[in-house]
Amino acid sequence: MADDPLPPPLPPAPAAEPEPEPAPVPVPESTRSSLAVRPFLLTTGRVAGAAELPLETQVVATTDGLTALPGLTFEQHAIVAACRVPLSLAELAARLRLHLNVVRVIAGDLRTARHLAVYVPQASTAQDVSVLRRVIDGLRAVPDSRGLPRDSDRPA
């Protein structure tokens with residue numbers, strides 16, 4: 001068996017026409033850079049800032065932050081620019097299409113650099129029943145898509 005000759009080589013395959021590549025899916029310019037980078041690279045491997053910021057934490061850009069915009073990284077720039085008005089971390093993450101923990105870490109860095117002012121809600125306020133009742137009453141007072149108060153279609 002060791003002396004058996006090798007089988008003849010196969011003839012080369014005919015050259016096939018290359019298939020056309022599918023058209024790329026358009027991605028909004030604002031999200032192109034963030035989609036190409038893994039979240040842990042944006043935070044240099046950190047998963048939490050020096051102090052954990054709750055998702056309802058309000059952040060707003062400072063004058064120093066707005067002045068520093070040209071020198072910030074893409075994500076830092078996007079966060080500071082979006083925070084010209086106060087936003088919660090959850091809303092900010094949703095608007096920028098970034099992971100919430102990435103926004104928490106970067107917001108903590110921007111806070112340390114004094115580019116963002118951070119307002120953490122008091123835990124006692126979030127657990128106060130009277131505050132929660134006022135929030136529920138306020139949400140019920142918001143009209144629905146028909147312009148009617150939300151409680152109007154509930155049976156009496």
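These are my notebook entries on a predicted model.

**Entry 1: overall layout**

I started with the secondary structure. I found 8 helices and 3 strands. I then read the elements from the N terminus on, and they run α-α-β-α-α-β-α-α-β-α-α. Next I looked up burial. The protein has 156 residues, and 24% of them count as buried. For the surface, I noted that the protein exposes about 11800 Å². Carbon and sulfur atoms supply 61% of that area. I also checked the range of the contacts. Among those between residues at least 6 apart in sequence, 66% join residues at least 24 apart.

**Entry 2: the sheet**

In what order do the 3 strands lie in the sheet? I read the order as E2-E1-E3. The sheet is open and the pairing is antiparallel. Strand E2 (87-88) and strand E3 (116-119) are the edge strands, and each pairs on one side only.

I took the two pairings in turn. Strand E1 covers residues 58-61 and pairs with E2 in the antiparallel sense over 2 bridges. I looked up glutamine 58 there, and its bridge partner in E2 is serine 88. E1 and E3 also pair in the antiparallel sense, over 4 bridges. On that side I looked up alanine 61, whose bridge partner in E3 is leucine 116.

**Entry 3: helix H5, two sides**

I went on to H5. Which residues of H5 are buried? I listed Leu89, Leu92, Ala93 and Leu96. They cover an arc of only 100° around the axis, so they sit on the same side of H5. On the other side of H5, I found Ala94 and Arg95 exposed.

I then asked what covers the buried residues of H5. The cover includes E1, helix H4 (74-82), E2 and helix H6 (100-112). I also checked what follows H5. Arginine 97 comes next, and its phi is positive, near 55°.

**Entry 4: the salt bridge**

I searched for salt bridges, and the count comes to 1. Glutamate 91 forms it with arginine 95. The closest N and O atoms are 3.0 Å apart. That falls inside the cut-off, which asks for a side-chain nitrogen within 4 Å of a carboxyl oxygen.

Both residues lie in helix H5 (residues 89-96). Glutamate 91 and arginine 95 are 4 residues apart, about one turn of the helix. Are the two partners buried or exposed? Glutamate 91 has 34% relative accessibility, so I logged glutamate 91 as partly exposed. Arginine 95 has a relative accessible area of 52%, so arginine 95 is exposed. The cut-off for exposed is over 50%.

**Entry 5: the nonpolar core**

In soluble globular proteins, nonpolar side chains tend to be buried together. I looked for that here. The largest nonpolar core has 22 residues. Val59, Ile79, Val80, Cys83, Leu92 and Leu116 touch the most other members. Which elements each supply at least two residues of this core? I noted E1, H4, H5, H6 and E3. H6 gives the most, with 5 residues.

Valine 80 is found in helix H4. At 0% relative accessibility, valine 80 counts as buried, because the limit is under 20%. I also took one distance. Valine 80 and threonine 62 are 18 residues apart in sequence, and their C-alpha atoms are 8.4 Å apart in space.

**Entry 6: asparagine 101**

My last stop was asparagine 101, in helix H6. Its relative accessibility is 30%, so asparagine 101 counts as partly exposed.

Definitions and conventions:
Residues are numbered from 1 along each chain as its sequence is written. This is a predicted model: local features need pLDDT of at least 70, side-chain atom pairs count only at pLDDT 80 or more; totals for chains, interfaces and linings use all residues. Side-chain values use heavy atoms; hydrogens and water are left out. Buried means under 20% relative accessible area, exposed over 50%, partly exposed in between (1.4 Å probe, protein chains only). Two strands pair if DSSP finds at least two bridges between them. The arc is that of the directions from the helix axis to the C-beta atoms. Contact means heavy atoms within 4.5 Å. A nonpolar core is a set of buried Ala, Val, Leu, Ile, Met, Phe, Trp, Tyr and Cys residues joined through side-chain atoms within 4.5 Å. Accessible areas come from the Shrake-Rupley method with a 1.4 Å probe; for residues, only the protein chains shown count as cover.
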